[in-house]
Amino acid sequence: MSLRNEEALRRLDEAQRLVRADGAVLDVGALPSFGFGHRSLMWWGTLGLIAVEGTVFALTVFSYFYLRSHSSQWPLDGAPPVLLWGSLNTAILLASLLPNHWTKQAAERLDLRRVRIGIAACLAMSFLFLGVRVLEFQTLNTRWDADAYGSAVWMLLGLHTLHLVTDTFDTAVLAVLMFTGPLEGRRYVDVSENALYWYFVVISWLPLYAVIYWAPRWP
Amino acid sequence: MCSRCRERCHRPRPPRPALGLALALSLPLALAGCEREARRLELPPSAPLAAPSKAGVLYPGPYASAPVRVTAADPVVRGQRVEENAYAVSQGKRWFRWFNCSGCHAGGGGGDMGPPLSDDRWLYGHELPQVVASILQGRPNGMPAFAGRISEEQAWQLAAYVRSLSGQLRSDVAGGRSDAMGSGEPEQRREREVPRPDAAPPTVR
Amino acid sequence: MATRIRPLQRRPHARGPEPRTFAAAALAALVLGLLPLAAVAAPPFGAGSQDALRTGGPQAALILDLWRLLLAVCGVVFAAVMAAFGVALWRARRGTRDTPPELQGPLRGEPRSARLVAAATGASAVGLCGLIVASVLTDRALARLPLSNALHVELTAHQWWWQARYDDADPSRTFETANELHLPAGRPVLLTLHADDVIHSFWVPNLSGKKDLIPGRTATLALRADVPGRYRGQCAEFCGLQHAGMALEVVVEPDAAYAAWAERQRRPAEPPTDPQAQRGQRLFLAGTCAMCHAIQGTDAAARRAPDLTHLAGRARLAAGTVPNGRAQLAAWIADPAAFKPGTNMPGHRYAPEDLDALVAYLETLR
Amino acid sequence: MSEPPADAVPAAEAARLHATWSDPPGLLGRLASIDHKVIGRRFIATAFGFFLAGGLLAALMRLQLARPQNGLVGPDLYAQLFTMHGTTMMFLFAVPVMQAFAVYLVPLMVGARSIAFPRMNAFAYWIYLMGGLMLYGAFLLNVGPDAGWFAYVPLAGPEYSPGKRVDFWAQLITFTELSGLLEAIVIITTVFKLRAPGMALHRVPLFVWAMLVTAFMVLFAMPAVMLASTGLILDRLVGTHFYNPGEGGDALLWQHLFWFFGHPEVYFIFIPGLGFMSALLATFSRRPVFGYSAMVLSLIATAFLSFGLWVHHMFATNLPELGKSFFTAASMMIAIPSAVQIFCWIATLATGRLWFRTPMLFALAFFFILVLGGMTGLMLASVPLDLQVHDTYFVVAHLHYVLIGGAVFPLFGALYYWYPKMTGRLMSERLGRWNFWLFFVGFNLTFFPMHQLGLEGMPRRVYTYPAGLGWDGLNLLATVGALVIAASVALLLFNAWRSARHGEPAGDNPWQAATLEWATASPPPRANFDRPPVVHGREPLWEAPREPRHVKGLATDAREVLVTTVLDAQPDHRAGYPDPSIWPFVSALATTVLFVGSIFTPWAAVWGLAPVAIALTAWFWPKPHETDAHLRMERAPR
């Protein structure tokens with residue numbers, strides 16, 4: 001969250017000043033027409049999605065270890081996934097936090113020029129790791145229909161890729177919009193929430209990376 | 001819906017809402033769905049099948065000289081019905097395991113002592129009645145005759161399953177993966193192998 | 001006495017002049033007219049033969065005791081809550097749309113209500129703890145059934161029948177049967193449970209709680225039957241079309257009777273002597289029967305369907321759905337789907353004399 | 001006691017608001033509606049439609065079981081009937097109808113102009129409708145699922161359920177879960193961000209609390225069944241091995257995932273029922289519910305505990321003993337928060353001034369039925385006893401006592417209670433009483449004997465049973481009861497249909513209730529409130545009016561809502577709202593094509609994405625006139 005506590009308090013005070021109680025009516029006409037962070041509806045919607053998808057990831061990881069606990073050997077057959085591409089992608093994903101953060105801040109300052117640069121950079125990185133993701137799938141050393149291990153690994157990687165694809169698509173649409181318009185203040189909120197979602201996609205990847213690539217190497 | 005199909009699906013049903021709309025939306029799937037999903041649990045028993053003259057004949061006469069004995073009124077209709085019916089095909093899969101077909105042809109039909117059933121070579125014809133004939137009458141070099149040992153219905157179901165092993169059936173009718181170890185690609189996911197015309201049955205002298 | 005064939009499930013629709021109708025009519029005439037008519041041997045199951053409230057052994061009895069305790073406690077609690085509710089309704093003042101809402105009390109706080117609610121909640125918590133303890137104690141008592149000298153039976157569930165193998169330290173003394181367990185009264189039994197296809201659940205309520213049979217897993221269940229009698233069990237996990245037709249008969253008998261039965265089961269089938277039965281045996285071995293069924297002492301060794309070595313000694317056919325008798329056996333062989341739609345046993349259109357012979361043979365398998 | 005504050009809104013302003021918030025005319029306008037009241041009404045009507053369908057299936061089952069060895073329905077159809085009945089009641093009725101009431105009522109009860117994410121709300125409804133139609137379409141074509149509403153593998157797996165029946169079931173799960181999850185997000189955001197100024201969290205009506213807690217439960221429970229059914233459909237269609245013990249999979253994985261969802265599901269059917277109860281009892285006892293904080297904490301405690309009980313559906317599966325004892329304890333302890341609420345309600349009744357109208361009768365029946373169901377629930381929580389009665393008619397009795405007593409009775413009460421708000425007319429009281437007594441008697445006649453049947457050994461899900469086991473009489477009795485229930489539901493329908501035309505006009509607040517939905521007209525205007533209210537206490541319409549009473553300053557010629565802070569509901573900003581849009585409907589259609597297509601070929605999940613992506617982009621893409629309107633009112637935050 002970019003909002004520090006005092007910042008939040010300051011904004012609250014400001015809102016208070018903008019609201020005038022006038023006899024029977026409370027005049028809210030002077031309030032701003034959008035807000036960032038947890039002030040906005042969109043932030044809560046995004047958080048809801050994150051909660052749902054975080055639960056899905058957690059349950060998938062549970063299923064993975066549940067199946068593993070029923071096998072004497074893991075992977076059931078064959079080698080663990082090749083480390084190279086997965087690790088490279090982890091590095092790229094972590095690096096993508098930088099432009100992502102930068103874009104989020106630019107959006108919250110309503111700085112269109114920087115938002116355009118930032119979102120273009122984010123989009124470029126998205127395509128980069130989607131490309132590497134293809135290589136990851138090719139070096140998993142198992143197939144989804146080989147055995148339960150393969151199914152679980154493909155499920156984990158597939159779910160995460162689905163999120164990558166969705167967010168890449170979101171980012172692309174948003175990028176086009178930021179370059180072509182029509183623009184209004186709330187579009188910056190969209191950019192900001194898109195960045196929030198990207199944090200989730202990156203951070204949720206870290207445990208998934210550990211499970212997919214390192215759990216089978218752990219005795 | 002054709003009248004035949006309607007008749008087959010004839011079962012007591014409760015009235016349901018949005019009947020017309022649902023029907024209109026799903027009419028294209030209806031024809032396929034109706035036959036695919038029927039469970040004919042109360043089929044009349046098969047017509048009597050003459051048991052082979054000698055029990056356990058392993059080497060019956062050559063393919064050409066033994067016409068297929070089909071007792072149903074119309075073999076083509078019967079064959080289509082079996083091959084469009086997912087339940088019948090899944091029963092065929094059950095018989096494949098039960099009657100130890102997998103003992104020679106391997107689970108999933110990959111072939112072992114017996115020829116593979118999942119490729120494009122059909123020694124004795126790939127049409128359903130021909131496969132039924134192969135099962136019931138046996139073939140040279142090891143394929144026993146099952147006439148009299150399994151019911152005719154079972155033979156048709158088995159044959160439909162055998163054809164699904166090389167992708168001859170619609171993918172929504174053919175079976176999925178087995179609840180077992182390594183039985184290969186699910187039947188519904190198999191590419192259709194185009195039967196090779198040059199793989200004619202060998203003449204047995 | 002002629003016994004009418006009574007299918008478990010009447011066919012939903014007549015199918016017009018199908019061969020089936022004709023066959024059934026012919027068969028009925030045949031069975032009723034030509035065969036020497038046998039009275040049905042199966043003792044009927046009466047009310048209470050599949051009943052958790054009538055126990056035939058310590059496991060079920062322990063659970064019944066727990067049930068009575070819970071029933072009493074819950075009954076008292078229920079009565080108390082209903083009494084409080086009733087008193088509240090009875091004593092409360094009446095209102096209408098125009099009754100001004102009561103806001104002062106709630107604002108001041110209502111110490112009397114608060115005390116009562118707190119007390120009731122505390123009492124509930126204490127009561128629940130008591131129930132938990134009772135439940136756990138019963139659970140432990142169930143687990144403590146002494147198992148020395150236990151009879152070991154391996155039970156495998158199939159769609160839709162039960163396969164039982166009676167183990168013995170001496171492998172030659174193991175034997176197999178189906179759908180009918182005989183248990184010695186007073187001797188513990190350790191059941192090892194497997195499933196061949198889908199999940200089933202073993203449940204003989206008069207003797208014990210249930211246990212699932214899950215493919216890929218093995219479970220065990222210990223029980224003891226003390227009261228001789230015939231009990232009925234039934235698959236308790238939905239397992240497909242004939243889930244309803246998957247019963248298991250448990251015959252609890254004194255030790256000597258059990259021993260005699262077990263001894264009989266260990267013996268292979270005796271070769272038939274009667275020419276008709278001999279013909280029946282040939283039909284059995286050369287036909288479809290031997291593809292799925294086994295009869296010890298013959299070439300029939302398939303294990304896809306119940307072992308028929310001592311078929312005639314069983315009270316019922318088809319996992320408890322058809323009483324065992326000549327007429328029923330013939331009708332069952334001719335058209336099993338009429339009794340159990342969905343069964344994996346195919347129907348047969350034998351010539352009357354063939355069916356006659358086959359049944360005659362099966363009748364010799366005592 | 002005070003009347004709702006008189007509205008001083010000029011007629012011209014009200015008319016302008018009405019025009020701004022109205023749907024476009026014509027069929028397209030109807031499909032494009034994003035009004036939460038329109039969507040809510042459709043949602044409720046659709047859910048009741050599925051309730052009727054599911055009830056008819058149940059009646060057929062009861063007719064088949066009326067006597068032993070009955071031949072009305074064969075095993076194949078019977079399996080479809082009970083699967084469809086369970087699936088319909090759980091996925092197409094019980095959960096959606098609660099969310100439907102929330103969609104209609106929550107924005108009104110918190111004093112909002114609209115619901116959060118109104119287009120997503122519309123999308124969620126369409127997805128639900130299309131999923132339900134797909135399932136019933138399939139059923140009509142004999143492709144009705146037949147492996148039980150719990151779809152245990154391997155029976156539901158590729159080898160033992162050939163054809164597409166179970167695939168349709170699994171996709172229905174995807175539909176309803178998608179809908180349910182989106183609605184949960186919509187409801188949470190509405191409750192957190194759109195409350196009227198002054199409605200701090202400790203002033204939120206108990207009904208809204210119940211819906212909020214339910215929405216959170218949905219958020220964390222539904223993903224489990226979505227994952228499970230995805231695994232199932234992948235096993236069936238592309239040959240994965242999640243549930244194949246031969247390749248390292250496990251059949252019990254399904255049960256764990258399913259019940260991790262399935263048990264909380266019972267509670268997210270039941271908790272809204274508790275919310276209805278609190279609303280009804282307060283109004284008809286003429287006082288606020290006793291123990292507000294205890295009630296709220298109990299709801300939250302129930303929600304937490306409900307995630308720790310799932311294994312009590314699996315006691316017969318040979319799990320470790322210690323674990324089972326834990327789940328016994330947890331399953332019994334969840335009774336405590338429910339008991340607290342029941343005690344609080346009894347205290348409310350005892351100190352209230354009771355007004356016995358039809359909604360109140362339904363609420364009172366709850367005490368008898370739910371408490372009885374709770375008692376049998378305690379019995380089922382005990383491992384040894386559960387091993388006897390699990391999967392018998394005892395459980396059938398228990399679950400109907402809990403779900404019908406805990407949810408459907410309050411729901412019927414809620415229908416009588418809020419019907420005047422939705423239609424402007426009261427339902428007939430005389431028919432209502434007949435409806436109630438028939439339902440109460442029929443219900444107990446049907447389900448009480450089933451306790452005994454279960455103890456006497458009758459298992460569930462059997463299409464027939466042999467004569468002579470002592471089950472005949474009780475089964476017949478249950479069937480007779482089912483017919484009485486059918487008569488009662490028919491009466492309810494008749495009452496609703498007739499009262500829509502001939503009912504007594506209701507006025508704004510026919511019950512003189514306390515919550516904000518009664519502060520506006522019946523049915524409410526398009527913008528919900530001509531001027532959104534300001535709240536100063538927990539019972540806004542019962543308390544003496546205080547100033548300020550209304551919010552002013554929101555646009556009237558463009559859609560605008562007031563967003564407030566989460567805890568204290570201080571005004572925070574004004575948010576421009578979208579106009580009606582056809583795209584949620586189109587997106588739902590595209591999604592339906594994707595879901596149904598992927599039953600037949602996995603590639604549909606790939607090519608089907610294109611139309612979905614296009615529709616969603618069109619949905620999201622700002623319309624120039626909307627942007628212009630928003631820009632005119634725009635004020636950036638500082």
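In this predicted model, the C-alpha centres of domain 1 and domain 2 of chain C lie 33 Å apart. The domain assignment places domain 1 of chain C at 44–96 + 113–258, and domain 2 of chain C at 275–362. Where these two domains meet, domain 1 of chain C contributes 17 residues and domain 2 of chain C contributes 15 residues. On the domain 1 side, the elements giving two or more residues are strand E3 (161–166), strand E4 (175–178) and strand E11 (247–253) of chain C. That side of domain 1 of chain C holds eight nonpolar, five polar and four charged residues.

**From the domains to the sheet**

Strand E6 (residues 188–195) of chain C and E9(C) run antiparallel and are joined by six bridges. Within that pairing, C:Leu190 has C:Ala222 of E9(C) standing opposite.

**Where chain D meets chain C**

Turning to the two chains, 79 residues of chain D are in contact with 85 residues of chain C. On the chain D side, the elements that give two or more residues include helix H4 (75–109), helix H8 (251–285), helix H10 (321–333), helix H12 (358–381) and helix H13 (383–389) of chain D. Helix H11 (335–351) and strand E1 (353–354) of chain D are also among them. Which element gives the largest share of this side? That is H11(D), with 12 residues. By class, the side of chain D that touches chain C divides into 49 nonpolar, 19 polar and 11 charged residues.

Strands take part here too: strand E1 (residues 93–94) of chain C runs parallel to E1(D), and two bridges join them. In this pair, C:Arg93 has D:Arg353 as its bridge partner in E1(D).

| Strand pair | Bridges | Direction |
|---|---|---|
| E1(C) and E1(D) | two bridges | parallel |
| E6(C) and E9(C) | six bridges | antiparallel |

Terms used. Residues are numbered from 1 along each chain as its sequence is written. Chains are lettered from A and ligands numbered from 1 in the order in which they are written. This is a predicted model: local features need pLDDT of at least 70, side-chain atom pairs count only at pLDDT 80 or more; totals for chains, interfaces and linings use all residues. Domain bounds come from an automatic or database domain assignment. Two residues are in contact if their C-beta atoms, placed from the backbone, lie within 7 Å. Helices (H or I, at least four residues) and strands (E, at least two) are DSSP runs, numbered from the N terminus. Ala, Val, Leu, Ile, Met, Phe, Trp, Tyr, Cys and Pro count as nonpolar, Asp, Glu, Lys and Arg as charged, and the others, Gly among them, as polar. Two strands pair if DSSP finds at least two bridges between them.
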